[in-house]
Amino acid sequence: MATGISEMSFHATTRLYAQHFCTASPFISPLRKNAKANQRRSLHARSWGISEKTHNFQNINLSQPFQSRKKFTECHCQQASDIANLSHDEANSTWVQDAVNKVSQVLGSTNGKGAIEFENGSAKHGEDPTLVMPEPAKDLQPKKTRGSSLVEDEAWRLLVESMVYYCGGPVGTIAANDPLDSNKLNYDQVFIRDFIPSGIAFLLKGEYEIVRNFILHTLQLQSWEKTMDCHSPGQGLMPASFKVRTVPLDGDENATEEVLDPDFGEAAIGRVAPVDSGLWWIILLRAYGKCSGDLSVQERIDVQTGIKMILKLCLADGFDMFPTLLVTDGSCMIDRRMGIHGHPLEIQALFYSALMCAREMLAPEDGSADLIRALNNRLIALSFHIREYYWVDMKKLNEIYRYKTEEYSYDAVNKFNIYPDQIPPWLVEWMPSKGGFLIGNLQPAHMDFRFFSLGNLWSIVSSLATTQQSHAILDLIETKWSDLVAQMPLKICYPALEGQEWRIITGSDPKNTPWSYHNGGSWPTLLWQLTVACIKMNRPEIAERALEIAEKRLSIDKWPEYYDTKSARFIGKQARLYQTWSIAGYLVAKLLLEKPDLAKTLWSDEDAEILNALNVMVDPTNPRRKRGKVLKKTYIV
């Protein structure tokens, strides 16, 4: 109870602080309705009479340091999240001091630094009291090295040009930045999942500020009120994307203000909430701490609260009997109807990874004991479930082929009542004698035997798959190279849905036609996940081979979002050009192959306690396994 009260107090304090220091503005919506109700949800910064920052940085001198390019408009309000580390007395003191001096102290200068100075000496003239940053690299644009190439140099330039600024600092990268594209839809927004490879690329180059800002600003959006058709999802949901908008300041026609306009799925195609956003946010938070050495961000009260809110949302009780997360179709990278509703592997791999990262970062407090206990129990159950029931190789496939059905007992072999006739003919011929993979989905009487690349690769990275399974997945990729890589890495899934199956499962989706987009298209951004997995398993030559193929085409083809056809010969028919995560995925793969030791900051090693628990669970003499009861729930979330 105490934990819940403290979290409610924190979010109330955060909103009050934002209202005290920032001029309120209505939440931006197409119709701009109900301004007063939406006013409570605003997160914004005042830019005194200065026009909107854009993401078009063609005039940037790339030889200049990163910090000298960061302020295209000025903002002089303290951020709501800055109060999170203060006690209530300290916070009230800060409010009083700043309220008295705010008008006279908000003075812009040509170098983009404000004139903030508190009497207690917490901040000096020209300094931001909220930023305690690790020493960044001196130059974002890398100097020419022997391993550098024109393609790599172009990729860095394009990544910098895709950066978005808010409140005077970089907060993310837009999804695509094609200057000739007049119909941008929502590709001019910062997507949480799309920013992950961009953030990692910056981290690997020693540029930490943009990632830190991204983490903290998206955290602020987490506590917003979210409704669609009078229904609100659970607390802790992270947005799919956000956009920085500059709007006229109410009551002053000569001034403007910046607002963050998030989309939690209420404006997305299909209106699906992004389950993976919060999971990726936790993964990136851990990577920031590992790369920068700055653990102060993850130790902040607001960040710790944000982690807990995501975990509680994921660990909440429901009707499901399985430890896997139950989600709707389109709730992850595959964000359109593709028959992945239920328990898709991609979500389970990210869920497991986020749990591992969160356990590493959560502060040991009395109020967190139940949550940490729930987290540990779920890790063990989820690991066992995926390794035992999602895995297929030639041996397992033969077992399924001989399954008996309609078994009613605690000792049933065919626990999910899978009918052998579900084994698709293509898989019988396609499965190599050496290798295997984790299937795409598992539900009662249903196994989705498609190979999904991201789920399998991240199962390796997070140690959700065993060491033996991880090597077998890479063996399969090597053996089926012509199907999964061909002329551009990497197939998002294999095989494509075709014919009547495509019409029924996708609803005849014209974008997900066979061997296009999410239906068997090839996505260059998956290069970075492939590279981390290969380096972890000490098989970097696989990633090097894939990178060499990609490097021949990406720049020439203008960095497409995806490729079409079975062998990835064509640029996708609706693919955006200069897609940021295609650019960033290439850069991360390139950086990691040049310095493989850096990949250790991105993966999780297998946990000894989990491994011991799994050994007990698979012990045939274990009476609890016979009854099908792996864990006893003794916690409250």
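**View 1. Arg373 and Asp370 form a salt bridge, with closest N and O atoms 2.8 Å apart.** A salt bridge here is a side-chain nitrogen of Lys or Arg within 4 Å of a carboxyl oxygen of Asp or Glu. Both Arg373 and Asp370 sit in helix H11 (residues 369–389), three residues apart, or about one turn of the helix. Helices (H or I, at least four residues) and strands (E, at least two) are DSSP runs, numbered from the N terminus. Arg373 is partly exposed at 32% relative accessibility. Asp370 is partly exposed too, with a relative accessible area of 32%. The cut-offs are under 20% relative accessible area for buried, over 50% for exposed, and in between for partly exposed (1.4 Å probe, protein chains only). Elsewhere, salt bridges with shared partners link Arg286, Lys290 and Glu360 into one network.

This is a predicted model: local features need pLDDT of at least 70, side-chain atom pairs count only at pLDDT 80 or more, and totals for chains, interfaces and linings use all residues. Residues are numbered from 1 along each chain as its sequence is written, and side-chain values use heavy atoms, with hydrogens and water left out.

**View 2. Arg576 and Asp181 make a salt bridge, with the closest N and O atoms 2.3 Å apart.** Arg576 lies in the loop between S12 and H20, and Asp181 in the loop between strand S3 (169–173) and strand S4 (190–191), so the pair ties together parts that are 395 residues apart in sequence. Both Arg576 and Asp181 are buried. The structure holds 19 salt bridges.

**View 3. Arg300 meets Asp302 in a salt bridge at 3.0 Å, N to O.** Are these two residues, Arg300 and Asp302, buried or exposed? Arg300 and Asp302 are both buried.

**View 4. Two peptide bonds are shown in the cis form, Pro489 to Leu490 and Tyr494 to Pro495.** Most peptide bonds are trans. Omega is about 5° for the bond joining Pro489 and Leu490. Leu490 lies in the loop between helix H16 (481–484) and strand S10 (493–494). For the bond from Tyr494 to Pro495, omega is near -5°. Pro495 falls in the loop between S10 and helix H17 (499–506).

**View 5. Trp515 and Tyr578 have positive phi values.** Most residues other than glycine have a negative phi. Phi of Trp515 is near 65°. Trp515 sits in the loop between H17 and helix H18 (527–536), and is buried with a relative accessible area of 11%. Phi of Tyr578 is about 50°. Tyr578 occupies the loop between strand S12 (570–571) and helix H20 (580–594). Tyr578 is buried, at 19% relative accessible area.

**View 6. Thr256 is placed in strand S6 (residues 252–263).** Thr256 counts as buried at 18% relative accessibility. Thr246 is 10 residues from Thr256 in sequence and 6.4 Å away in space, C-alpha to C-alpha.

**View 7. Cys167 and Cys332 are buried cysteines.** Cys167 has a relative accessible area of 17%. For Cys332 the value is 1%.

View 8. Of its 637 residues, 60% count as buried. Residues 24 or more positions apart supply 72% of the contacts with a separation of 6 or more. Contact means heavy atoms within 4.5 Å.
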